[in-house]
Amino acid sequence: MNDIISQNKSSWDAIADSFFGVTSLPTYGCLCPTEDELHLFPDLKNKKVLDIGCGSGHSLKWCGDHGAAELWGLDLSTKQLENAVKFLSENGYAPRLYNSPMEQNPGLPQNYFDVVYSIYAIGWTVDLQATFHNISSYLKKDGIFIFSWDHPFMHCVDAVDEQLVFSGSYYEKEPFTFKKNIGKSANRSNSDHSEEDGYPMTLYNRRLSDYINALSKAGFMVEQLVEETDSETLTRSCEFSSRYYSACKAKKLPLSFIMKARKI
Ligand SMILES: C[S@@+](CC[C@H](N)C(=O)[O-])C[C@H]1O[C@@H](n2cnc3c(N)ncnc32)[C@H](O)[C@@H]1O
């Protein structure tokens, strides 16, 4: 597991500059409704927030712009955090940032935060249960945890001969490694699997029940699960595309999911 974390860290360091501000609040993911439409976050005025996998800090800026009193973040990538420090200080914010894998607590306070969130980062964990236990420990009672990630259907569905085919297995659990090139979309893509060059990254496939059951074991109650494509994509016409995140796929299934849970 440590090998996976250190490989993913090197790769995220290498590609950090090309993921500056990619997938950040109010955006939750790919062709799905935004926070402006969903209103999952509570009023952030005077709240303490923690971003897990904060990347370049754009979501933390969004929280600051919405009145959060304290901005805290954690990320595996040293380069992402360098970018976040620069970006947030240029925007007048002084966040507390930790360079650490989310699977470990680098010294974050317990029972402290009103809101912990993670935009397209939770799926990178090599230990979902440990990560959710950590997050639960950081939150006050009744604190809110919100995260987004690829919908688990995404690793099952391929574009073949202008058709979407359920070719993978929802039950596949083994970690898989793919190579990511600079300038490609925020997550894996089917074509990435065959790329010879690029930076190796390893991910686990998980089912929705894996997330929900791990949340429950970590002391959370799920308040909302969003599996939606945005209305603009649903109503416009689109040409078939074999891209991983394509509008024609989004018309048939959610590309991303968003979970909102409360610490009980
Ligand atoms: C798609 S980016 C997240 C974007 C960010 N949430 C934002 O709002 O701009 C995914 C982030 O997860 C981080 N990451 C990957 N594996 C991680 C791990 N095990 N622990 C902590 N962060 C991790 C990467 O370094 C990267 O910055």
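Throughout this passage, a residue is called buried if its relative accessible area is under 20%, exposed if that area is over 50%, and partly exposed in between (1.4 Å probe, protein chains only). Helices (H or I, at least four residues) and strands (E, at least two) are DSSP runs, numbered from the N terminus. The structure is a predicted model, in which local features need pLDDT of at least 70 and side-chain atom pairs count only at pLDDT 80 or more, while totals for chains, interfaces and linings use all residues. Residues are numbered from 1 along each chain as its sequence is written, and side-chain values use heavy atoms, with hydrogens and water left out.

On one side of α4, Lys86 and Glu90 are exposed, whereas Gln80, Leu81, Asn83, Ala84, Phe87 and Leu88 are buried. An α-helix has 3.6 residues a turn, so residues three or four places apart point the same way. The buried residues of α4 pack against α1 (2-15), α3 (58-65), β2 (70-75) and β3 (96-99), with contact meaning heavy atoms within 4.5 Å.

At the start of α4, the backbone nitrogen of lysine 79 has a side-chain oxygen of serine 77 within 3.3 Å. Glycine 92, with a positive phi near 85°, follows the helix.

Glutamine 80 brings the ligand into view. Gly53, Ser59, Asp75, Gln80 and Met102 come nearest among the 20 residues around the ligand, where a residue is near if one of its heavy atoms lies within 4 Å. Polar contacts here are pairs of N or O atoms within 3.5 Å; within protein, one must be able to donate a hydrogen and the other to accept it, and residues adjacent in sequence count only if both atoms are side-chain atoms. An N or O atom in the side chain of glutamine 80 is 2.8 Å from an oxygen atom of the ligand. Nitrogen atoms of the ligand feature in two further pairs: one with a polar side-chain atom of glutamate 103 at 3.2 Å, and one with a backbone N or O atom of isoleucine 119 at 3.0 Å.

A nonpolar core is a set of buried Ala, Val, Leu, Ile, Met, Phe, Trp, Tyr and Cys residues joined through side-chain atoms within 4.5 Å. The largest has 45 residues, of which Ile52, Ile122, Phe132, Ile135, Phe145, Phe147 and Tyr211 touch the most other members. A second, separate core of 23 residues includes Leu25, Leu40, Leu60 and Val115.

Leucine 25 also takes part in a cis peptide bond to proline 26, with omega near 10°. Threonine 23 has a positive phi near 55° without being a glycine, and it counts as partly exposed at 21% relative accessibility. Aspartate 142, in strand β5 (residues 139-150), likewise has a positive phi, of about 75°, and is partly exposed with a relative accessible area of 40%.
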